[in-house]
Amino acid sequence: MDRLTGKTAVVTGSSRSIGRGIAERLAADGALVGVHYSNSPREAAEVVDTIVAAGGRAFAFGAELGTDGDTDRFWTEFDGHRAKFDDGDDTGLDIIVNNVAVALRDEFEVATRSDFDRMFAVNVRAPFFIIQQGLDRIRDGGRVINISSVVTRLALTEVIAYGTTKGAVDTFTLILAKVLAARNITVNSVAPGYIDTDSNADWLRFDAEAWRETAAKSAFGRVGTARDIADVVSFLASDDSRWVTGQVIDASGGTRL
Ligand code: NAP
């Protein structure tokens, strides 16, 4: 498990859930991993401890996204913590996983501008400018991996604005792939289906009937795990995926095939 040895990765929102799974997997592959968080410094430190205990390298840094000046703070914090792992003059970065998103449930008729603006600020604007401001840090041959969602093909009316942000993420992936191809940087989206995480614990994890119904939506008859997504991200982060760019990789366990 050393296919990312010598590489540096950052995973936004990796203090918990899918992001945590991705951070742990990329570290197990050998990458130095920046574990980004917003409100959970303790959980982020725990992720770093878990990675280090397994023989990996990681550091935690915090920056709330979706606010004014968010991406400036993100890179300032990243640079400060990354510098402590300075291997010579090399403080660059190879892999960025844009994982943070907020999913507010809104039917179209009652959707509010404040929820809409919040979701676009966190889910679309933040990754867009994280990459723009990170361009001089990302090495040639690098990887951008955006976490999208299966909702872009399910027409779920209760998450119309959230679904629209994920459509924007996929379009960003498509166009950015063309922009960065000259530098051999690939850009892809991964679209999870229903995953057991903190964000849907209230309606899924603790409700046996909802769990059964959700599991039945996958062709495999189960709810997904963070590891199901992390393994796909690991492939896209590796050299094995060098000929794949501008794509949305469905990782939904065959949801509603
Ligand atoms: P989650 O359980 O809510 O975890 C969110 C992570 O993002 C946490 O580490 C959190 O950090 C961080 N975060 C949240 N808001 C932030 C903000 N404004 N600024 C900075 N960090 C913030 O999320 P998840 O369910 O794992 O989802 C991860 C990704 O997968 C999202 O893009 C989501 O759309 C996508 N997805 C999830 C599912 C699913 O079933 N769960 C399905 C399809 C797609 P703190 O704890 O420090 O606040």
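A polar contact is a pair of N or O atoms within 3.5 Å, where within protein one atom must be able to donate a hydrogen and the other to accept it, and where residues adjacent in sequence count only if both atoms are side-chain atoms. The views below show a predicted model, in which local features need pLDDT of at least 70 and side-chain atom pairs count only at pLDDT 80 or more, while totals for chains, interfaces and linings use all residues. Residues are numbered from 1 along each chain as its sequence is written, and side-chain values use heavy atoms, with hydrogens and water left out.

**View A. Serine 149 in the loop between E5 and H5.** The side chain of serine 149 reaches the backbone nitrogen of valine 151 at 3.0 Å. Serine 149 has a relative accessibility of 7% and counts as buried (buried means under 20% relative accessible area, exposed over 50%, and partly exposed in between, with a 1.4 Å probe and protein chains only). Apart from neighbours within four places in sequence, serine 149 is in contact with Tyr162, Lys166, Val190, Ala191 and Pro192, contact meaning heavy atoms within 4.5 Å.

**View B. Asparagine 146 in strand E5 (residues 138-147).** Helices (H or I, at least four residues) and strands (E, at least two) are DSSP runs, numbered from the N terminus. Asparagine 146 is buried, with a relative accessible area of 1%, and its side chain is joined to that of threonine 173 by a polar contact of 2.9 Å. When neighbours within four places in sequence are left aside, the residues in contact with asparagine 146 include Asn98, Val169, Phe172 and Asn188.

**View C. The packing of H4 and H5.** Two packed helices are described by the angle between their axes and the distance between the axes. The axes of H4 and H5 come within 9 Å and cross at roughly 15 degrees, the axes being lines fitted to C-alpha atoms, for helices over the stretch in contact, with angles that run from 0 to 180 degrees between N-to-C directions. H4 and H5 are therefore roughly parallel to each other (angles under 35 degrees count as roughly parallel, over 145 as roughly antiparallel, 65 to 115 as roughly perpendicular and the rest as oblique). The contact involves residues of H4 including Phe116, Met119 and Phe120, and residues of H5 including Ala161, Tyr162 and Leu176. By class, the residues of this contact divide into 13 nonpolar, three polar and no charged, where Ala, Val, Leu, Ile, Met, Phe, Trp, Tyr, Cys and Pro count as nonpolar, Asp, Glu, Lys and Arg as charged, and the others, Gly among them, as polar.

**View D. The packing of H1 (residues 17-28) and H8 (residues 226-237).** The axes of H1 and H8 come within 8 Å and cross at roughly 45 degrees, and the two helices are therefore oblique to each other. Among the residues that meet here are Ser17, Gly21 and Arg25 in H1, and Ala226, Asp231 and Ser234 in H8. The contact of H1 with H8 has eight nonpolar, three polar and two charged residues.

**View E. Positive phi at asparagine 184 and arginine 256.** Most residues other than glycine have a negative phi. Asparagine 184, although not a glycine, has a positive phi of about 60 degrees; this residue is in the loop between helix H5 (160-180) and strand E6 (186-192) and, at 59% relative accessibility, counts as exposed. Arginine 256 has a positive phi of about 50 degrees, lies in the segment after strand E7 (248-251) and is partly exposed, with a relative accessible area of 45%.
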